Amino acid sequence: MKKQLPPTSLTSKLLGKSLLLAQSTLDKAVKYSTIPFSEPEIIRPRTAEKFYTWTHYGVFFPLLPEPHRYLNIMILLGTPGALAFDHDDITVGHPRKSATFFSSTAAIDEYVLKAYIIPENTNIQADGTTIALGEEVSIQGTLPNIHLKGAYHGLTFEFDLDVTDQVSWFIKTPIYDHFSLLASFRGQLEYRGKTTAAQGLCTYEYARATGAHGVVSKLLPESYKLPLDFFTYQIINLNETTQLLLTKADILGQPAAYSLHVRHTDRPAEIYTNVEFKVTRYQPEPHVSPSGKYMRLPQQFIWSVKNDADQNVLELSAEVDSPFRYGHGVGYASAYTFTGEYLNASVQGRGYIEYIDVENQNAFKA
């Protein structure tokens, strides 16, 4: 007998439809993604504010030397109240005072997914100059100079980031802002006595939003959460000067954000919204999360992107070649290899993938 997701409540449907409406009528993400970033003052943790109830800090390295391949730093301060991203099974206490940290590489079977109580287990400065969770991770500095340091399960890493003004807005509305800044990095990872030096392009990311936990002090039942039911976010360093961000997000099974952001170190950024993502082959067995939920994960997939003139911009075929690590919300992160064409030129390389499919996560026999 197949397991079923709890029915979506009327409240959850209204929230989902409201966000879709806001995205379609108020969202200025496309316009501002081709304009240099000029709002560094909004990057604050906001843990004591009334309007914004959660924030997100992220640093993502999509292309590292073997054996690591990638490194992700995913921090949530507060609880979004979203089906795809809440960590109900590890959250303790008031959802606004809970912070979570997820990080992994391809080299280490023991990823980290951990919850912290704010402020007892954290060092979070109101001006944003320090965001530290336990002994595991710290992000320090102000734009453009950011210092990242971390340690868990025998892995240590330390990087200096030089953050540019090339910004990709995933959503820009009066109630929710989410963006990524192109950055270059230099530093190292150490694991099992081996030090790996690394440098290249990465991302520095931030989000702020208002949510239910400004007034609700307990975790929401799944049927009352914002019904974000599919999400994949992928990063590719195409070469030393060009980075691609690929996003597909659905609310109530309807498109919320489909985009390709192209960032350069030497010319203005671009954004395309005529984007198609399709899984062509799934992994043979579903993955099971620590909380016992099943999710079907991709083995092979394709991206197809066209411009406004219906001309091909990007065609990629990809295959996951690294273990999926659980903890990006209720989903997973991994790495893949790809081949294809970008602006009619052949390309190949490696990419980073985040993948959450709530809609089908329990559509398997127990």
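Predicted model: local features only at pLDDT ≥ 70, side-chain atom pairs only at ≥ 80, totals over all residues.

Residues are numbered from 1 along each chain as its sequence is written, and side-chain values use heavy atoms, with hydrogens and water left out.

**Nonpolar cores**

- A nonpolar core is a set of buried Ala, Val, Leu, Ile, Met, Phe, Trp, Tyr and Cys residues joined through side-chain atoms within 4.5 Å, where buried means under 20% relative accessible area, exposed means over 50% and partly exposed lies in between, using a 1.4 Å probe and protein chains only.
- The largest nonpolar core has 62 residues, and those with the most contacts inside it are Leu-260 and Leu-314.
- A second, separate core contains 43 residues, including Phe-101, Ile-108, Val-137 and Phe-157.
- In soluble globular proteins, nonpolar side chains tend to be buried together.
- Contact means heavy atoms within 4.5 Å, and Leu-314, leaving aside its neighbours within four places in sequence, is in contact with Leu-244, Leu-246, Leu-260, Trp-303, Ser-304, Val-305, Glu-341 and Tyr-342.

- Strands (E, at least two residues) and helices (H or I, at least four residues) are DSSP runs numbered from the N terminus, and two strands pair if DSSP finds at least two bridges between them.
- Strand β6 (residues 130-133) pairs with strand β7 (residues 137-142) in the antiparallel sense over 4 bridges, and Ile-131 stands opposite Ile-139 in β7.
- The hairpin formed by β6 and β7 has 3 residues between the strands, and Gly-134 in the turn has a positive phi of about 55°.
- Strand β7 also runs antiparallel to β8, to which 6 bridges join it, with Gln-140 opposite His-147 in β8 and with 2 residues between the strands of this hairpin.
- Strand β8 (residues 145-152) in turn pairs with strand β9 (residues 155-172) in the antiparallel sense over 8 bridges, and here the bridge partner of His-147 in β9 is Asp-160.
- In the hairpin of β8 and β9, where 2 residues lie between the strands, His-153 takes a positive phi near 50°.
- Strand β9 is joined by 14 bridges to strand β10 (residues 176-191), and the two run antiparallel; Ile-171 stands opposite His-178 in β10, and the hairpin that joins β9 to β10 passes through 3 residues.

- Thr-55, in strand β1 (residues 54-61), counts as buried because its relative accessible area is 1%.
- The side chain of Thr-55 reaches the backbone oxygen of Pro-45 at 3.0 Å, and Thr-55 touches several residues beyond four places away in sequence, among them Arg-44, Ile-75, Leu-77, Tyr-206 and Arg-208.
- Arg-281, found in strand β16 (residues 274-282), is partly exposed because its relative accessible area is 38%.
- Not counting residues up to four places away in sequence, Arg-281 touches Pro-298, Gln-299, Gln-300 and Glu-319; Arg-281 and Pro-298 are 17 residues apart in sequence and 6.2 Å apart in space, C-alpha to C-alpha.
- Gln-348, in strand β23 (residues 345-357), counts as exposed because its relative accessibility is 64%.
- Leaving aside neighbours within four places in sequence, Gln-348 is in contact with Phe-338 and Thr-339, while Gln-348 and Asn-239 are 109 residues apart in sequence and 9.9 Å apart in space, C-alpha to C-alpha.

**Cavities and a pocket**

- On a 1 Å grid over the protein atoms alone, a cavity is a set of points where a 1.4 Å probe fits but cannot get out, a pocket is an open set with protein on both sides within 12 Å along at least five of seven lines, and lining residues have an atom within 4 Å of a point.
- Grid points are joined across faces, edges and corners, and a volume is the space filled by probe spheres set on the points.
- The structure holds 4 cavities of 30 Å³ or more, and the largest cavity, with a volume of about 50 Å³, has a lining that includes Leu-76, Phe-85, His-87 and Thr-100.
- The second largest pocket has a volume of about 230 Å³, and its lining includes Leu-63, Phe-185, Gln-199, Asn-239 and Glu-240.
- The elements that give two or more residues to the lining of this second largest pocket are β10 and β11 (194-209), and β11 gives the most, with 3 residues.

Conventions: Polar contact = N/O pair within 3.5 Å; in protein donor to acceptor, adjacent residues only side chain to side chain.
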